[in-house]
Amino acid sequence: LGLEAEMYAISEEGDCWLSRTHLAQEKPIKDFTAGETYRLALYFCVVVLTTVGFGDISPVNHVETIAMTITVFLTGLTWAWVVANVVGVIGQLDMFSISFNQAMDD
């Protein structure tokens, strides 16, 4: 993807996801380095897969993109940990099933 940025540059500027980034306002897509493209792709994937959404506030430079990616990823991990602990506590509330499982294990 990053190595084939010229393929995106051949198409019209407004019809690909790279053209809607802050970096596209600074320079043409064909001048993106592989690192810049992959950093933007990582940001895009983390925001989409953690279902955070893009919202009204979005990063406008390289540092903000990296900080946003790390923050969203760590927040997603923290949320998963919290949900797992809540499920664990709820699972320990049923004393009958706990004693039954222990009896079956013995």
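**Contacts and helices**

Modeller: Let me begin with the contacts in the chain that have a separation of 6 or more: residues 24 or more positions apart account for 35% of them. Please keep in mind that this is a predicted model.

Colleague: OK, and how many helices and strands are there in the chain?

Modeller: The chain has five helices and zero strands, so written out from the N terminus by the DSSP runs, the elements read α-α-α-α-α. Of the 106 residues in the chain, 23% are buried.

Colleague: Let's look at H3 and H4. How do their axes cross?

Modeller: Two packed helices are described by the angle between their axes and the distance between the axes. Here the axes of helix H3, residues 34–49, and helix H4, residues 62–91, cross at roughly 35° and come within 9 Å, and the crossing is left-handed.

Colleague: Which residues in H3 and H4 meet?

Modeller: On the H3 side they are Glu36, Arg39, Leu40, Leu42, Tyr43 and Val46, and these meet His62, Thr65, Ile66, Met68, Thr69, Val72 and Phe73 in H4. Sorted by class, this contact of H3 with H4 has eight nonpolar, three polar and two charged residues.

Colleague: What span should the 16 residues of H3 have?

Modeller: At 1.5 Å a residue they should span 22 Å, and the end C-alpha atoms of H3 are 22 Å apart, which agrees. For H4, with its 30 residues, the reach from first C-alpha to last is 44 Å, close to the 44 Å expected at 1.5 Å a residue. Just after H3, threonine 51 takes a positive phi of about 55°.

Colleague: Which residues are buried in H3, and what do they pack against?

Modeller: The buried residues in H3 are Glu36, Thr37, Arg39, Leu40, Ala41, Tyr43, Val46 and Val47, and they pack against H4 and helix H2, which covers 22–26. In H4 the buried residues are Thr65, Thr69 and Val72, and these pack against H2 and H3.

Colleague: New topic: which residues make up the largest nonpolar core?

Modeller: That core has six residues in all, namely Cys16, Leu18, Leu23, Ile29, Phe32 and Leu40. If residues up to four places away in sequence are not counted, leucine 40 touches Trp17, Leu18, Thr21, His22, Leu23, Phe32 and Thr65.

Methods. Residues are numbered from 1 along each chain as its sequence is written. This is a predicted model: local features need pLDDT of at least 70, side-chain atom pairs count only at pLDDT 80 or more; totals for chains, interfaces and linings use all residues. Side-chain values use heavy atoms; hydrogens and water are left out. Axes are lines fitted to C-alpha atoms, for helices over the stretch in contact, and angles run from 0 to 180 degrees between N-to-C directions. Helices (H or I, at least four residues) and strands (E, at least two) are DSSP runs, numbered from the N terminus. A crossing is left-handed if the near helix is turned anticlockwise from the far one by less than a right angle, and right-handed if clockwise. Contact means heavy atoms within 4.5 Å. Ala, Val, Leu, Ile, Met, Phe, Trp, Tyr, Cys and Pro count as nonpolar, Asp, Glu, Lys and Arg as charged, and the others, Gly among them, as polar. The expected span of a helix is 1.5 Å times one less than its number of residues. Buried means under 20% relative accessible area, exposed over 50%, partly exposed in between (1.4 Å probe, protein chains only). A nonpolar core is a set of buried Ala, Val, Leu, Ile, Met, Phe, Trp, Tyr and Cys residues joined through side-chain atoms within 4.5 Å.
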